[in-house]
Amino acid sequence: MTDTIFGKIIRREIPASIVYEDDDVLGFKDIAPQAPVHVLFIPKHEVIPTLDDLQPAQAHLIGKLALAAAAYARREGFAQDGYRIVMNCRENAGQTVFHIHLHLLAGAPLGHFGAP
Ligand code: 5GP
C-alpha cells in the first residue's frame with residue numbers, strides 16, 4: 001500500500017485540523033485553503049491513488065465522501081448557501097496527493113471554473 005501525507009494524518013502521525021469523522025471517512029481542513037471553507041474528505045481504510053484507479057467495487061466510497069461533505073455542510077450551516085466539491089485527477093488537474101480525496105469549498109461566492 002502506497003503511503004502519503006494523508007495516511008500519516010489518518011494515523012495521527014502528523015497534526016491536522018480534523019473536523020469530520022465517521023467509520024469510513026475523515027475530513028480535515030486543507031493546509032492551504034482556496035476558499036473560506038476548504039475541507040478535504042478521504043477514505044480511511046483504502047488508499048486509491050487517483051479517481052482513474054477506482055474499481056467498480058469501490059464506487060460506494062465516492063458516495064461516502066460526497067455524503068460526508070454534505071453532512072458537514074448541513075452541520076456547519078452553509079448547505080443552503082451552497083458549496084462546491086472537486087476531485088482532481090493527475091497532473092493536468094493539479095493533483096498533488098495520491099490518496100483519493102474530495103475537496104469541499106464554501107463560505108463565499110465561488111468563481112466559475114473551466115478553461116485554464
Ligand atoms: P490535490 O491538489 O491533490 O487535489 O489536493 C491536495 C490538497 O492537500 C491541497 O489542497 C493541499 O493544500 C493539501 N495538503 C497537502 N499537504 C497537506 C497537509 O499536510 N495537511 C493538510 N491539512 N492539507 C495538505
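Predicted model: local features only at pLDDT ≥ 70, side-chain atom pairs only at ≥ 80, totals over all residues.

Biologist: Why is His-99 called buried?

Modeller: Buried means under 20% relative accessible area, exposed over 50%, and partly exposed in between (1.4 Å probe, protein chains only). His-99 has 1% relative accessibility, so it counts as buried.

Biologist: What else does His-99 touch, leaving aside its neighbours within four places in sequence?

Modeller: Contact means heavy atoms within 4.5 Å. Among the partners of His-99 are Thr-4, Phe-6, Ile-42, Pro-43 and Pro-49.

Biologist: How do you know that Thr-4 is buried?

Modeller: Thr-4 has 13% relative accessibility, so it counts as buried. Thr-4 is in the segment before helix H1 (5-10). The side chain of Thr-4 reaches the backbone nitrogen of Phe-6 at 3.1 Å. Not counting residues up to four places away in sequence, Thr-4 also touches Val-97, Phe-98 and His-99.

Biologist: Why is the pair of Phe-41 and Tyr-72 called edge-to-face?

Modeller: Rings of Phe, Tyr and Trp (its six-membered ring) pair if their centres lie within 6.5 Å; planes under 30 degrees apart count as stacked, over 60 as edge-to-face and the rest as tilted. Phe-41 and Tyr-72 are 6.1 Å apart, centre to centre, with 65 degrees between the planes. Phe-41 lies in strand E3 (residues 37-43) and Tyr-72 in helix H2 (residues 59-76), so the pair ties together parts that are 31 residues apart in sequence.

Biologist: What other ring does Tyr-72 pair with?

Modeller: Phe-78. That pair is also edge-to-face, at 6.1 Å centre to centre and 70 degrees between the planes. Tyr-72 has 6% relative accessibility, so it is buried. Phe-78 is buried too, with a relative accessible area of 10%. The structure holds five aromatic pairs. Ring pairs link Tyr-20, Phe-41, Tyr-72, Phe-78 and Tyr-83 into a cluster.

Biologist: What makes a set of residues a nonpolar core?

Modeller: The set must be buried Ala, Val, Leu, Ile, Met, Phe, Trp, Tyr and Cys residues joined through side-chain atoms within 4.5 Å. The largest such core has 15 residues. Those with the most contacts inside it are Val-39, Phe-41, Tyr-72, Phe-78 and Leu-104. Strand E1 (18-21), E3, H2 and strand E5 (102-106) each give two or more residues to this core. H2 gives the most, with five. A second, separate core of eight residues includes Leu-26, Phe-28, Ile-42 and Val-97.

Biologist: How do you know that both faces of E5 are covered?

Modeller: Leu-102, Leu-104 and Ala-106 are buried on one side, and His-103 and Leu-105 on the other.

Biologist: What makes E3 and E5 a strand pair?

Modeller: Two strands pair if DSSP finds at least two bridges between them. E3 and E5 have five, in the antiparallel sense. His-38 stands opposite Leu-105 in E5. E4 and E5 also pair antiparallel, over four bridges. There, Ile-85 has Leu-104 of E5 as its bridge partner. Three bridges join E1 to strand E2 (residues 25-29), again antiparallel. E1 and E2 form a hairpin with three residues between them.

Biologist: Which residues come nearest to the ligand?

Modeller: A residue is near a molecule or strand if one of its heavy atoms lies within 4 Å of it. Of the 16 residues around the ligand, Asp-30, Asn-88, Thr-96, His-101 and His-103 come nearest. A backbone N or O atom of Thr-96 lies 2.7 Å from a ligand oxygen atom.

Note on methods. Residues numbered from 1 in each chain as written. Heavy atoms only, no water. Polar contact = N/O pair within 3.5 Å; in protein donor to acceptor, adjacent residues only side chain to side chain.
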